[in-house]
Amino acid sequence: MEERKEHFHGEDVNVKVSNGDNDSQLKPGSATCAKEVEDAPQASHSNFSHPVYKEIALANGHVNRMSKEELRCRLSQLKLDTRGVKDVMKKRLKSHYKKQKLMQSAANEGPGDAYYDYICVVDFEATCEEDNPPDYLHEIIEFPMVLISTRTLEIVGTFQEYVKPELCPTLSDFCVKLTGITQETVDAAKPFPLVLKRVVKWLQERELGTKYKYTFLTDGAWDMSKFLNIQCRVSQIRYPQFARKWINIRKSYGNFYKVPRTQTKLSTMLDKLGLEYEGRPHSGLDDSRNIARVALRMLRDGCQLRANEHMHGGQLLAIPSSAPLEGAPSPRWPGTRK
Ligand code: AMP
Ligand code: MG
């Protein structure tokens, strides 16, 4: 599926992906921006000549020279997670020092942009054939959400509704086998507009977008740019404003741990972090939970996950890392298409 997700970029939506999407990374651009500070998180300091970057560079240089055993020992002393490959441990330790130094330094200079209170992970399952033709009209058959608190770094809520497909109500044998979702389950489910109303209510009840700042997070661009986009067209409703921006965790993971996009499949991300998939792959809720586990590990490792993709005029676009960190608007029923 991962490859398919990427292939879609050329098919149905016009993708403009810039490389300015590095989560938690400051751009090189001054004398002090050595290799060691490239991956410093976004902070209130916009100027690399600030002495804190010199300190971060020194700490990172020190971490770079540590053996795997030294890394594990230091992480353990700091009561940090000691799992994962050497590069993951290095990144974790650097992020810890970086965060400490930036926090100390920022304490005297006032708060920066407030971070999201919650991140809502979504992983749709949709109708499919073994070889979906490029113009295949996928219909969403499972709408799961897993809510992460960025403060407690825990999963604090889950939502799951199956959806009755309307264009093609009969699931292919391939789809049933892939997703584990049965014909009886979708026959008994509500059509998409009604499920979306429940989704809006669930988000509103949690005061997301009103009292709390939040954003969505997906594994790849497809969930919003393809599945939700097509479904809204099929159901004759507008694309919901509150789902216009999201964090594509594959991009965030690749940028943060400095790995190529070929190593950002969900199974690979879990594996590199020393985690195992829990549950049934291609169950939307289980996929969402596992994506949430990756996101939580990244947050613990010091990554400031930020919305990095958005839909605009039916197109998928990248959000540059320099854009202000805005939360999703409060969820509302999007209304029907004229
Ligand atoms: P995933 O999030 O990987 O479970 O995939 C989301 C949706 O993509 C599935 O519900 C299917 O509609 C489609 N899909 C995933 N993998 C495949 C595949 N190997 N062949 C065809 N469609 C797929
Ligand atoms: Mg899935």
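Donors to a metal are taken as N, O and S atoms within 2.8 Å of it, and because water is not among the atoms, sites may look incomplete. In this predicted model, the magnesium ion (ligand 2) is coordinated by Asp 123 (OD), Glu 125 (OE) and Asp 287 (OD), at 1.9 to 2.0 Å. Along the chain, these donors follow the spacing D-x1-E-x161-D. Distant parts of the chain are linked by the pair Asp 123 and Asp 287, 164 residues apart. Asp 123 lies in the loop between β2 (118–122) and β3 (125–126), whereas Asp 287 belongs to helix α11 (residues 284–300). Both of these aspartates, Asp 123 and Asp 287, are buried.

The whole structure contains 11 aromatic pairs. One of them, formed by Tyr 118 and Tyr 212, is edge-to-face, with 5.3 Å centre to centre and 85° between the planes. Tyr 118 is placed in strand β2 and Tyr 212 in the loop between α7 (192–205) and β7 (214–218), so that the pair links distant parts of the chain, 94 residues apart. Tyr 118 has a relative accessible area of 19% and is therefore buried, the limit being under 20%. Tyr 212, at 26% relative accessibility, counts as partly exposed.

Phe 124 and Phe 143 form another edge-to-face pair, at 4.7 Å centre to centre and 85° between the planes. This pair also links distant parts of the chain: Phe 124 is in the loop between β2 and β3, and Phe 143, 19 residues apart from it, is in strand β4 (residues 140–149). Phe 124 and Phe 143 are both buried. Through ring pairs, Phe 124 and Phe 143 join Phe 159, Phe 192 and Trp 202 in a cluster.

Two lysines are placed over tryptophan rings. The charged end of Lys 226 sits over the ring of Trp 222, 3.7 Å from its centre. Lys 197 lies over the face of Trp 333, at 4.6 Å from the ring centre.

Positive phi values in residues other than glycine occur at Lys 79 and at Lys 258. For Lys 79, phi is near 60°; this residue is in the loop between α3 (68–77) and α4 (86–107). Its relative accessible area of 75% is over 50%, and Lys 79 is therefore exposed. For Lys 258, phi is near 55°, and the residue is in the loop between α9 (249–257) and α10 (266–272). Lys 258 is partly exposed, with a relative accessible area of 40%.

Notes
Residues are numbered from 1 along each chain as its sequence is written. Chains are lettered from A and ligands numbered from 1 in the order in which they are written. This is a predicted model: local features need pLDDT of at least 70, side-chain atom pairs count only at pLDDT 80 or more; totals for chains, interfaces and linings use all residues. Side-chain values use heavy atoms; hydrogens and water are left out. Donors are N, O and S atoms within 2.8 Å of the metal (3.2 Å for Na, K and Ca); water is not among the atoms, so sites may look incomplete. Helices (H or I, at least four residues) and strands (E, at least two) are DSSP runs, numbered from the N terminus. Buried means under 20% relative accessible area, exposed over 50%, partly exposed in between (1.4 Å probe, protein chains only). Rings of Phe, Tyr and Trp (its six-membered ring) pair if their centres lie within 6.5 Å; planes under 30 degrees apart count as stacked, over 60 as edge-to-face and the rest as tilted. A charge sits over a ring if NZ of Lys or CZ of Arg is within 6 Å of the ring centre and within 35 degrees of the ring normal.
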